[in-house]
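Please open the model and follow these notes point by point. Each one takes up a single topic.

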Amino acid sequence: MLARVRNWFDPREVREVGTTPDYRFSLANERTFLAWIRTGLALIGGGLAVAQFLPPLAVPHMTKVLGVVMIVVGAGCALRAIDHWIRCEIAMRTGRPLPPSRFPAILAVLVALGSLALLAEVLIDVVFKRG
C-alpha cells in the first residue's frame, strides 16, 4: 500500500514494471482519472455551495451536514481517482485484468442517500411549515 501511495507522487517506478501498453490505453486511463477528478471537484464545490449559500432547512444543521458530507465524498473521489489510475496502469503493464472497483456503486449509493435526505427535508418543510 505504501509503495502505491509513493507511486502517486513519483510514477516513474510504474514505467519500470512490465511492458509499455498501447499509448491509447494509457491515455484512456488518464481520461478516466480526469473524469473522477472532475466528479470530486463538483462534489467539493457543490458541498461548499450547500453549506454556505443554502438557507437554513427545517432540520437543524442539515445544510452544514450535507455540505460536509459532499466535501468529504469529493475528497474521497479524488483520492480514489489517483489510486485507481495507478492500479490500472500497473495492471495494463503486467498483462493482468484491470482491477475491479466498488467505488462507482458506493458513490451512487451515497448520492442516492443524499437525495433521499433532501427529499425528506422538503417533505418535512411542506408538512410542518405550510401544511
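1. Start with Val-109. Val-109 sits in helix 5, which spans residues 103-130. Helices here are DSSP runs of H or I with at least four residues, numbered from the N terminus. This is a predicted model, where local features need pLDDT of at least 70, side-chain atom pairs count only at pLDDT 80 or more, and totals for chains, interfaces and linings use all residues. Residues are numbered from 1 along each chain as its sequence is written, and side-chain values use heavy atoms, without hydrogens and water.

2. Buried means under 20% relative accessible area, exposed means over 50%, and partly exposed lies in between (1.4 Å probe, protein chains only).

3. Now look at the core. The largest nonpolar core has 13 residues. Such a core is a set of buried Ala, Val, Leu, Ile, Met, Phe, Trp, Tyr and Cys residues joined through side-chain atoms within 4.5 Å. Among those with the most contacts inside it are Phe-33, Trp-85 and Phe-103. Helix 3 (23-53), helix 4 (62-94) and helix 5 each give two or more residues to this core. Helix 4 gives the most, with seven.

4. Check Phe-103 next. Phe-103 is in contact (heavy atoms within 4.5 Å) with Trp-36, Gly-76, Cys-77 and Arg-80, leaving aside neighbours within four places in sequence.

5. Finish with Thr-63, in helix 4. Thr-63 counts as buried because its relative accessibility is 8%. Not counting residues up to four places away in sequence, Thr-63 touches Val-50, Ala-51, Leu-54, Pro-55 and Leu-57.
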